[in-house]
Amino acid sequence: MPGSGASALRDDLERGLAAPICLTWELTYACNLACRHCLSSSGRRDPDELTPAEARGVVDELAAMQVFYVNVGGGEPMLRPDFFDLLAYAVGHGVGVKFSTNGSRLTAARAAQLAAMDYVDVQVSIDGADAAVNDAVRGPGSFAAATAAMGHLADAGFGRFKVSVAMTRHNVAQLDALLDLADRYGAQLRLTRLRPSGRGADTWDDLHPTAEQQRDLYHWLLERPDVLTGDSFFHLSALGEPLEGLNLCGAGRVVCLIDPVGDVYACPFVIHRDFLAGNVRAAGGFASVWRESSLFAGLREPQSAGACASCGAYDACRGGCMAAKFFTGLPLAGPDPECVFGHGEAALAAAGPVAIPRPGADHSKPARGASPVRLSPPNRRPVHA
Amino acid sequence: MPVTAPEVSRFDPGAPWALHPQVALRPEGFGALAYHYGNRRLVFLKSKTLVELVSALADFDSAEQALRAMVEPGQRDRHEAALARLAASGVIRAR
């Protein structure tokens, strides 16, 4: 394009856009699964979730701002009673929907309904190429439910839907098998980075890939540019040739999250009050949060490289993922906990035990055997940082 | 739903061109974002001149005429190359 290379574009994007290009909208905290790494700590519906009329109002705003598509998730978005109405409303207003589902409610009839809609993409989530690896993270029966949904989509002629996988220590060895699995259903494989967010904060140490596995993943991805990553692994670009994508942290700049109660966070991986920019119910709605929030204004300023300033790879990885640093207790200016040169691990070891921020908005179901009676509302604003 | 296969047009500057009817342009500080509802591609138009050129293509008998009318002589080659890339991604199409 005239006048500018990739780095000039990145500078523009880091200063923020008129509207997000990658907006995640979580429709409900309700979920029939209890995945060990759920980044939104979902389980129970929040009584304060946006009403159908309020949700349509958000769509109206997104359409006016020319947000061309949204990434819808949850919880399990298909559990929202108005899910299909909202889907039709969004695509009818020029807002395409790419939604993530565990597949448990995606029947043959629903698959046929989706196949008949324009501007709808479906991502079925699995976390392993077989029931043993998948169900250890997502729960018993979840692999069977997801593959049944994939079969329904293929049978309905939906076309190239996505199979979305969060990379863990237990499934990196299954990369080829995951690609074969997606191919068998005519689907496209999409890999995302595990984050220590939500319930992932408690399972990070057990689940995040080893340094060696991350190098394997990087080389595997370089050879397969058709595998989608949602720009997830830009911290790995420090290994050399950059991966496909914009290779920057888009939080508050080109990315944000609208949660089920209308709270707007800088990205889907930082549901914590420190990254809460506002609420779509406030005067001015989503547009004024996006344009005027002081949090977002700060994120659009040049960021300090901190301890990474002297590293020759900083221009490639930009210090990695803000959320991964925050929820492992690392300073935001400095290395990612999964820095490919081990600087993050060294920083964690040097810091010793530190107070790690607890995720906000925990809607996890009570552990089995615990009392189902809950007298206080969900802890949406933890008092400890 | 099935995504439409990208309509890839070989770029002939002597032919008449237009913005694809399924493409929306969103103004941004650096130029515009183009989104193609058919092939789901998001494309960055990295100069305001390019945005104006693309928007006006339909008013000219050829891309060449549009380039001559709207782009400074020293900038024309780069803009013609940009149009060729936009044709390859389906953002503009022959009419």
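## Chain A at a glance

In chain A, 69% of the contacts with a separation of 6 or more are between residues 24 or more positions apart; a contact here is two residues whose C-beta atoms, placed from the backbone, lie within 7 Å. Keep in mind that this is a predicted model: local features need pLDDT of at least 70, side-chain atom pairs count only at pLDDT 80 or more, and totals for chains, interfaces and linings use all residues. Residues are numbered from 1 along each chain as its sequence is written, and chains are lettered from A in the order in which they are written.

Chain A has 14 helices and nine strands, taken as DSSP runs (H or I, at least four residues, for helices; E, at least two, for strands) numbered from the N terminus. Its C-alpha atoms fill a box of roughly 60 × 55 × 50 Å along the principal axes.

## Inside and outside

Buried residues account for 49% of the 385 in chain A. Buried means 20 or more other C-beta atoms within 10 Å of a residue's own, exposed means 12 or fewer, and partly exposed is in between, with C-beta atoms placed from the backbone.

Glu223(A) sits in helix α9 (residues 211-223) and counts as exposed because it has 8 C-beta neighbours inside 10 Å.

## Helix α14

Helix α14 (residues 343-351) of chain A has His343(A), Gly344(A) and Ala347(A) buried. After α14(A) comes Gly352(A), with a positive phi near 65°.

## Where chain A meets chain B

Each side brings its share to the contact: 21 residues from chain A and 21 residues from chain B.
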